[in-house]
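Let us go through how a few features of a model can be read, one at a time.

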Protein chains: 2
Amino acid sequence: MKITSVKGTNDYLPEEAALRDRLQATILRTYTNCGFEHIITPALEDGENLDKSEGGENLNLIFRIMKRGDKLANALSEGRFDELSDIGLRYDLTLPLCRFYAAHRSKLPTPAKLIQIDRVYRAERPQKGRDREFVQCDIDIIGSDSICCEIELIATTAKALRAINIGNFRIRINDRAILRGVLAKTGFDPKDFDSVCVTFDKLDKIGVAGVTAELTEKGFDAATIDAFRSFLDACPVSLDDIVSFGGDLDAVERIKTIKTAVEKISGGAYSVDFDVSLVRGQGYYTGTVFEAESTEFSGAIGGGGRYDNLIEKFTGEHVPAVGFSIGFERIFSILRERYANVKESSERKKIAVICEPDTFADAYIYADTLRGEYDVSLALRAKKFGKQLARLEESGVAGYVVYGENNIVMFQ
Amino acid sequence: MKITSVKGTNDYLPEEAALRDRLQATILRTYTNCGFEHIITPALEDGENLDKSEGGENLNLIFRIMKRGDKLANALSEGRFDELSDIGLRYDLTLPLCRFYAAHRSKLPTPAKLIQIDRVYRAERPQKGRDREFVQCDIDIIGSDSICCEIELIATTAKALRAINIGNFRIRINDRAILRGVLAKTGFDPKDFDSVCVTFDKLDKIGVAGVTAELTEKGFDAATIDAFRSFLDACPVSLDDIVSFGGDLDAVERIKTIKTAVEKISGGAYSVDFDVSLVRGQGYYTGTVFEAESTEFSGAIGGGGRYDNLIEKFTGEHVPAVGFSIGFERIFSILRERYANVKESSERKKIAVICEPDTFADAYIYADTLRGEYDVSLALRAKKFGKQLARLEESGVAGYVVYGENNIVMFQ
């Protein structure tokens with residue numbers, strides 16, 4: 001039998017699991033402390049819901065679960081190969097959240113401020129830093145179109161990032177309306193905006209020449225691409241200058257207000273920077289989009305945005321919503337290295353009580369008397385007692401008692 | 001789009017999620033306090049590992065995940081319908097634990113005392129109390145064949161059950177060797193023991209006549225069934241009497257030692273009762289098996305046993321192991337009803353800070369000054385202020401401050 005975990009998934013040893021638990025508990029406590037409420041949704045989601053969720057590229061990465069028994073046998077024997085599965089594993093926490101809100105909205109306040117910290121699944125091509133099972137930590141505000149939601153989500157996510165000592169970071173922010181304005185003024189057809197955005201998103205990686213080449217390849221008109229090039233050459237465009245390229249004025253004002261408010265709350269601990277090139281992949285975003293980016297370690301450590309049209313698919317009524325998701329695995333990989341050789345001072349000390357088999361029950365009762373102060377492990381006395389003690393010390397145990405002697409011997 | 005959760009899965013509202021979090025944290029803390037260490041394994045498991053895991057009936061309930069892309073297309077077009085899936089969702093935490101131990105044993109102490117609290121999946125026929133996604137809380141001791149492991153697991157699980165105030169319970173215990181001895185003396189062939197056990201397990205439900213009828217139907221020899229009937233008629237057989245029916249003497253001694261030790265530790269809070277009819281479904285159990293049973297609510301709230309041969313399938317070496325699993329959903333459904341109308345006094349008080357959009361950043365900064373003492377939610381002032389306050393009070397918020405007035409008004 002195979003002893004490695006399934007490709008793209010991870011086992012976590014005790015020290016790693018303890019760090020994960022501690023980080024998730026800190027994030028949850030920060031969010032709860034700021035008035036958000038934890039909810040839990042299943043990892044399994046209806047297949048059709050997943051398909052219709054406008055998740056962009058993620059829709060190609062869904063793990064689908066096979067039907068069973070007669071349903072499977074019939075679909076196979078009749079060649080109905082598109083009916084082999086009707087449920088899948090969620091690829092993010094936003095779709096389950098929208099379904100949850102639709103199902104339970106009569107029991108939730110308006111706006112509802114909700115937390116999810118849970119696993120999601122994507123059949124990514126295996127590579128370093130791309131897991132197939134990973135944890136996201138989301139907060140969302142549902143039922144309000146005020147930009148105070150964006151301010152609160154960004155400030156509160158930043159608070160969580162600071163609570164876990166992630167180090168220096170900044171927030172990049174954009175609004176899809178700004179980019180849409182630029183594309184419209186440039187001469188692109190609204191139906192092509194998504195396709196152009198996908199290419200524009202690569203500006204960092206492939207440069208102006210790469211972007212224009214890809215747009216040409218996609219068959220866009222040379223004059224339009226030329227007009228777009230003058231915008232690309234000017235990137236990064238500032239919030240004040242973007243209006244001249246067609247950037248939506250209302251959206252620019254919103255970004256300014258958010259930036260001013262969040263930076264006031266941050267007290268200079270981090271900045272909020274407009275970045276017109278920030279697109280984000282999910283099709284469901286409708287307005288503001290943002291990312292938290294470590295300035296010490298490359299890459300995004302969280303992201304989110306406003307998705308005012310997704311819940312309507314469930315409820316039939318317009319329900320504005322906005323969310324911010326921390327990518328927990330990125331956080332974990334940064335902090336695991338930092339804490340690799342640090343024993344947490346906040347952890348309780350571990351003590352071993354060593355006994356013989358025939359005094360086990362008494363030793364257990366004695367161990368219980370120490371458990372108010374220590375975490376206490378019972379161990380049967382090994383033949384090689386010195387080696388046993390050496391191993392205990394090595395594993396981080398602070399001291400031991402031989403049952404019957406009843407004095408704790410601390411190592412070192 | 002569908003708003004209900006996938007059949008057999010559940011959404012948990014804030015109060016339910018808070019109770020689940022609290023119960024799981026208490027169980028984890030109890031186990032950690034007793035020297036066990038938390039590990040995390042993926043919900044996805046290799047398909048072949050699952051198939052070979054001797055999980056009994058559970059093997060028929062595995063959710064299998066479809067291959068993707070070319071691999072799927074080729075398997076379908078070539079009619080290789082048994083190759084559509086190579087991974088599945090785990091049906092328990094024991095198989096992943098064994099794989100984990102095999103993969104990481106060089107980094108683990110001997111014996112390894114490990115905790116898992118996590119989701120598992122079974123495609124059960126939907127019915128009340130049978131979820132398809134549910135949480136188990138397991139502790140296991142790997143690498144020791146001492147019955148002190150059984151004593152420690154039972155005493156520690158019982159400690160966790162008491163820590164969450166589950167009410168009165170008892171432990172039922174048996175040893176497969178005892179039942180095997182009885183069946184051998186009766187005249188059954190060792191190759192038929194599993195089949196006979198499956199039928200014998202139903203004694204509670206179908207009675208002596210039902211069991212003998214089913215054995216007849218299965219084609220067993222009339223004389224053997226007759227001999228077995230005298231045993232069935234004597235059930236429940238006591239630990240002292242079971243030897244006369246062929247019960248293994250060593251196993252009887254082991255059970256006696258475990259019972260005496262655990263009851264000494266329990267101080268009379270719960271009993272450990274021998275029950276020869278306790279079988280448990282999983283094929284991987286090799287010796288002692290046990291269940292925790294609420295005496296106030298029907299049914300098992302946890303179960304486990306010794307599985308000395310399962311890890312060997314991964315490592316090729318004999319590694320004894322024994323585990324105890326709390327069925328978290330049963331616990332949760334019992335305690336949810338009990339706590340339905342109880343606000344936890346240990347929870348922090350919630351306060352709302354009410355502000356206008358243009359003072360949001362200042363109100364956030366002010367709210368932060370209260371967050372040391374309270375959980376504080378920011379809310380924009382609603383047009384109908386009285387109604388807003390009424391809703392806040394109803395949702396369990398203890399008081400509010402209008403930003404700028406800076407005095408907390410407590411409800412009631």
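## Reading contacts between chains and helices

A: The side chains of Lys2(A) and Asp46(B) form a salt bridge with an N to O distance of 3.0 Å, the term standing for a side-chain nitrogen of Lys or Arg within 4 Å of a carboxyl oxygen of Asp or Glu. This is a predicted model, in which local features need pLDDT of at least 70 and side-chain atom pairs count only at pLDDT 80 or more, whereas totals for chains, interfaces and linings use all residues. Residues are numbered from 1 along each chain as its sequence is written, chains are lettered from A in the order in which they are written, and side-chain values use heavy atoms, with hydrogens and water left out.

Q: How many salt bridges are counted between chain A and chain B, and what area is buried between them?

A: The count is 14 salt bridges between chain A and chain B. Buried area is the accessible area (1.4 Å probe) that two parts lose on being put together, summed over both; between chain A and chain B it is about 7,900 Å², with 62% given by carbon and sulfur atoms.

Q: How do the axes of helix 8 and helix 9 of chain A cross?

A: Angles run from 0 to 180 degrees between N-to-C directions of axes fitted to C-alpha atoms, for helices over the stretch in contact. The axes of helix 8 (residues 203–217) and helix 9 (residues 222–234) of chain A come within 10 Å and cross at roughly 170°, and these helices of chain A are therefore roughly antiparallel (over 145 degrees). Helices here are DSSP runs (H or I, at least four residues), numbered from the N terminus.

Conventions:
Helix = DSSP H or I, 4+ residues; strand = E, 2+ residues; numbered from the N terminus. Parallel < 35°, antiparallel > 145°, perpendicular 65-115°, else oblique.
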